[in-house]
Amino acid sequence: KTIEGPVTENDKKGLTFEVYKQGSTAPEWTGSLGSSKFTETNGKYTSENIEVDEGDYTVVEKLTTENGTVTVTYTLNNTAGTITADYVNKNVTTEVFNVAGGATAELDFKNTYATGTLVIKKSIAGLTDTSVITASNIVFKVTGPAAFNNNTGEAIVDCSQFTNGSYTFTGVPAGVYTVEETSNGSTTTYTLTSTTVNGNTD
């Protein structure tokens, strides 16, 4: 198992795999990345050897993140396989594959977590005395998914860090964000307005 994109350690370790023999509703084997059944080397997770009888099997991966934030692909013995995805219910299933007697089936899963860009823009209209505002006193707090900003879930920026009136976060995890202006840097009362774009507030 390899993982690309922002994801918390808890979400990563909670990823669980189940091996099913065709016709059975009970898994032959189950294990999560955070358990002793997997070892991690340089970011790649490898399960213990799973002894199964000869026959046809599927593998189900139980996901831990919100719908729409991750895409799962896999190979079987270095050949790309087809995933049946149910991201709403947080699980994906491989196509049926055969394990012959004495043979080894090696499945390599890859989870790619979606990222996007968050832009904060600030403008001030109708202010006659601009000296009451200093850029470092205009402060924004951004709150998002747990994996945002190196797994802190939030970030604080001020206008001294802006370029041409905006600040850009790149590679942010997909999800819901809240942007709050915690300090407007002014002793003058003014009305704050925001513009909503694609369901997110600038």
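**Basis.** I note that this is a predicted model, in which local features need pLDDT of at least 70 and side-chain atom pairs count only at pLDDT 80 or more, while totals for chains, interfaces and linings use all residues. Residues are numbered from 1 along each chain as its sequence is written, and side-chain values use heavy atoms, with hydrogens and water left out.

**Overall build.** I found two helices and 19 strands in the protein chain. Both kinds of element are DSSP runs numbered from the N terminus, helices being H or I with at least four residues and strands being E with at least two. Of the 202 residues, 31% count as buried; buried means under 20% relative accessible area, exposed over 50%, and partly exposed in between (1.4 Å probe, protein chains only). I then turned to contacts, defined as heavy atoms within 4.5 Å. Among contacts between residues at least 6 apart in sequence, 65% join residues at least 24 apart.

**Cores.** In soluble globular proteins, nonpolar side chains tend to be buried together. I therefore looked for nonpolar cores, that is, sets of buried Ala, Val, Leu, Ile, Met, Phe, Trp, Tyr and Cys residues joined through side-chain atoms within 4.5 Å. The largest has 21 residues, and Phe17, Leu33, Val72 and Phe109 have the most contacts inside it. Two or more residues each come from strand 2 (16-21), strand 6 (55-62), strand 7 (70-76), strand 11 (97-99) and strand 12 (107-113). Strand 7 gives the most to this core, with three residues. Another core, of 14 residues, lies apart from it and includes Ile120, Val142, Phe169 and Val172.

I recorded a volume of about 780 Å³ for the largest pocket. On a 1 Å grid over the protein atoms alone, a pocket is an open set of points where a 1.4 Å probe fits, with protein on both sides within 12 Å along at least five of seven lines; lining residues have an atom within 4 Å of a point. Grid points are joined across faces, edges and corners, and the volume is the space filled by probe spheres set on them. Of the 30 lining residues, Ser47, Ile50, Ala105, Glu106 and Leu107 are the closest to the centre. Strand 5 (44-47) supplies the largest share of the lining, four residues. The lining divides into 16 nonpolar, six polar and eight charged residues. Here Ala, Val, Leu, Ile, Met, Phe, Trp, Tyr, Cys and Pro count as nonpolar, Asp, Glu, Lys and Arg as charged, and the others, Gly among them, as polar.

**Single residues.** I found Thr84 in strand 9 (residues 84-86). Thr84 counts as exposed because its relative accessibility is 54%. Beyond its neighbours within four places in sequence, Thr84 is in contact with Asn91, Val92 and Thr93.

Asn77 sits in the loop between strand 7 and strand 8 (79-80), and its phi is near 50 degrees, a positive value in a residue other than glycine. Lys90 lies in the loop between strand 9 and strand 10 (91-93) and has a positive phi of about 60 degrees although it is not a glycine.
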